Amino acid sequence: MTRYRYPLKSVLGDYLRAAAGLVIALGLLLTGALPWFVAVLFGALAILFGLFALRTVKRQYLEVSLDDQGIATLVRPGDPETSKGRFPSYLAWQELTGMKLRYFGSRRSHKKEGGSGFMQLTLTGRAAEPAGSSNRKTTMSFESSLEGFPAIVRRAAEAARKQDINIDATTASNLRPLGVDLNADTPEGLEV
């Protein structure tokens with residue numbers, strides 16, 4: 001089993017953006033000299049930046065485990081060896097029902113090596129449930145700043161190929177720069 005995490009440097013910018021938004025929004029609210037509708041607007045912005053900060057904390061402590069049977073996520077604050085995790089999620093490769101790989105950024109940065117854009121992998125499937133209960137749908141999303149992102153994408157593409165999942169043209173196009181050809185018998189670099 002291989003474990004991956006988001007490195008601190010990949011979430012540092014999000015922490016700075018959340019902090020700046022909170023300081024500006026809360027700073028203006030604390031002046032008290034705002035009309036009520038402006039105060040409501042900045043209150044909503046403060047809530048949004050607060051939620052963004054919480055999402056960033058969750059991403060920083062997210063641990064992704066990958067093996068031949070499936071992929072699991074767990075939010076593990078503190079020392080990964082001693083702390084218990086929260087919000088566990090598991091998706092067996094045989095239960096995979098959908099895969100999307102999207103690129104966010106300019107067309108120009110997509111073609112350049114080390115461009116300013118990023119990719120996001122979204123996996124959907126049926127989550128494992130206790131015996132006797134119905135299967136529920138689960139969705140997992142990962143950004144390309146995650147350590148081991150190419151290995152996760154390759155493993156998911158292999159599972160999608162084995163499950164005969166219909167992959168849209170955008171996903172197929174975004175797989176090529178990562179060395180994955182869905183038409184090949186064995187996609188390149190599938191080692192975990």
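Reader: Which residues have the most contacts inside the largest nonpolar core?

Author: In this predicted model, the largest nonpolar core has 34 residues. Two or more of them come from each of several elements, among them strand 2, strand 3, strand 7 and helix 5 (169-175). Nonpolar side chains in soluble globular proteins tend to be buried together. Within this core, the residues with the most contacts are Ile71, Met99, Leu121, Leu123 and Phe142.

Reader: Which element gives the most to this core?

Author: The elements that supply two or more residues include strand 5 (96-104), strand 6 (118-127) and helix 4 (149-162). The one that gives the most, with 8 residues, is helix 4.

Reader: What does Met99 touch, leaving aside residues up to four places away in sequence?

Author: Met99 is one of the residues with the most contacts inside the core. Its partners include Leu121, Thr122 and Leu123, and also Val153, Ala156, Ala157 and Ala160.

Reader: Is Thr73 buried or exposed?

Author: Thr73 has its place in strand 3 (residues 70-75), and, not counting residues up to four places away in sequence, it touches Leu62, Glu63, Val64, Phe87, Pro88, Ser89, Met140 and Phe142. The cut-off for a buried residue is a relative accessible area under 20%. Because the relative accessible area of Thr73 is 10%, this residue counts as buried.

Reader: How far apart are the end C-alpha atoms of helix 2 (residues 36-60)?

Author: Helix 2 has 25 residues, and at 1.5 Å a residue it should therefore span 36 Å. The distance in the model agrees with this expectation, since the end C-alpha atoms are apart by 36 Å.

Reader: What covers the buried residues of helix 2?

Author: The buried residues of helix 2 are Phe42, Gly43, Ala46, Ala53, Thr56, Arg59 and Gln60. The protein as a whole has 5 helices and 7 strands, and elements of both kinds take part in this cover. Included in it are strand 1 (2-5), helix 1 (8-31), strand 2 (62-66) and strand 7 (136-143).

Definitions and conventions
Residues numbered from 1 in each chain as written. Predicted model: local features only at pLDDT ≥ 70, side-chain atom pairs only at ≥ 80, totals over all residues. Heavy atoms only, no water. Helix = DSSP H or I, 4+ residues; strand = E, 2+ residues; numbered from the N terminus. Buried < 20%, exposed > 50% of the residue type's maximum accessible area, 1.4 Å probe, protein only. Contact = heavy atoms within 4.5 Å. Expected span 1.5 Å × (residues − 1). Core = buried A, V, L, I, M, F, W, Y, C linked by side-chain atoms within 4.5 Å.
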